[in-house]
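Please keep the sequence and the 3D view open while reading.

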Amino acid sequence: MKCAVIDIGSNSMRLTVYDAKGDSFKILFKEKIMTALAGYVESERLSREGMEAACGALAEFKERLQVLEISDIYIFATASLRNIMNTEEALEEIRRATGFSVEVVTGQEEALYGFAGALCDVSVTDGIFVDIGGASTEISVFCEGEVKSAESFPIGSLKLYKECVRNIVPGRGSLQRIDEKIRSELRDKVFRCDVTENQIVCIGGTSRAVLKLAQKVFSLPNSQNFIRADQLEKLCDILFQADKKACDLILKSVPERIHTLIPGMMILRYITEKFCASQIIVSRYSVREGYLCQKIQPEI
């Protein structure tokens with residue numbers, strides 16, 4: 001069965017086309033549009049301009065899928081539409097403009113789908129699962145391959161940028177404001193953490209960008225899917241200077257994340273320190289693959 005999954009995120013909208021058979025799948029096509037929907041939220045409401053951006057991206061994906069002759073299309077939204085007050089208005093506008101119905105997944109569902117997607121790529125049994133998105137961050141503790149606790153927090157790379165940064169990249173004052181936001185949200189959270197492996201498994205654009213930077217800075221092989229905690233700290237030391245060297249490094253490696261990478265890295269560093277993790281493993285797969293495995297394939 002060929003099907004498409006569209007993930008309406010707070011920073012980007014992603015389309016992936018799969019050939020799914022039984023409990024296995026193959027990625028046939030994927031595309032990303034940077035919609036930055038979190039940047040269109042004012043007073044906890046998605047603006048008309050933000051709705052138009054979402055509809056425009058979905059219309060582009062619809063054209064691609066018509067060319068590919070894919071009719072089985074599944075669309076879900078995460079914090080982009082979950083954490084706003086006018087969710088139903090946005091969903092109705094999307095239905096009117098594109099004909100698409102969108103499922104809004106809960107924070108816990110997003111965490112569980114993300115964990116399931118990561119396990120399609122990474123063989124680990126114990127650790128901490130992290131998904132740093134544009135407007136939310138999901139953290140799960142897993143032991144013996146099962147999730148023991150899963151929570152979603154309303155902090156993300158784009159949301160922090162919008163609320164705390166005045167220029168393109170964070171200066172000293174912005175870094176302090178970001179740090180205070182992260183600590184106020186996560187400091188007092190208690191996680192059930194009796195895992196034997198102090199490692200973090202990550203999905204999402206921030207973690208992939210961090211791995212890409214680490215491969216460049218530390219000459220790591222492209223096949224390596226993890227970085228050590230000390231390497232993350234060294235990357236932070238370089239980028240948090242917010243000077244020309246730091247900006248050039250981002251622009252040469254992940255230019256589309258020039259404004260959101262540092263806020264996302266600050267979330268990742270805080271979580272790494274909180275759980276005393278020694279390494280960060282980055283999965284190729286994400287929430288879409290978990291949604292496919294958990295929601296779609298059982299019904300095929």
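## Aromatic pairs

The structure holds six aromatic pairs, where rings of Phe, Tyr and Trp (its six-membered ring) pair if their centres lie within 6.5 Å, and planes under 30 degrees apart count as stacked, over 60 as edge-to-face and the rest as tilted. The model is predicted, so local features need pLDDT of at least 70 and side-chain atom pairs count only at pLDDT 80 or more, while totals for chains, interfaces and linings use all residues. Residues are numbered from 1 along each chain as its sequence is written, and side-chain values use heavy atoms, with hydrogens and water left out.

Two of these pairs are set out in the table.

| Pair | Centre to centre | Angle between planes | Arrangement |
|---|---|---|---|
| F76 and Y291 | 4.6 Å | 25° | stacked |
| F115 and F129 | 6.2 Å | 80° | edge-to-face |

F76 lies in strand β6 (residues 73-77) and Y291 in helix α11 (residues 287-296), so this pair ties together parts that are 215 residues apart in sequence. Here helices (H or I, at least four residues) and strands (E, at least two) are DSSP runs, numbered from the N terminus. F76 counts as buried because its relative accessibility is 0%, and Y291 counts as buried at 3%; buried means under 20% relative accessible area, exposed over 50%, and partly exposed in between, with a 1.4 Å probe and protein chains only.

The other pair joins F115 of helix α4 (residues 107-119) to F129 of strand β8 (residues 127-132), so it ties together parts that are 14 residues apart in sequence. Both F115 and F129 are buried.

β6 and β7 run parallel and are joined by two bridges, and the bridge partner of F76 in β7 is E103.

Another open sheet, also of mixed pairing, has six strands in the order β10-β9-β8-β11-β13-β12. Its edge strands are β10 (146-153) and β12 (226-228), each of which pairs on one side only. β8 pairs with strand β9 (residues 137-143) in the antiparallel sense over six bridges, and G127 stands opposite F142 in β9.

## One face of a helix

Which residues of helix α5 (residues 157-164) are buried? They are S157, L158, L160, Y161 and C164. Seen down the axis of α5, these buried residues fall within an arc of 165°, so they line one face of the helix; the arc is that of the directions from the helix axis to the C-beta atoms. The elements that cover them include α6 (172-186), α7 (205-217) and α10 (261-274), where contact means heavy atoms within 4.5 Å.

Methods: Pairing = 2+ DSSP bridges.
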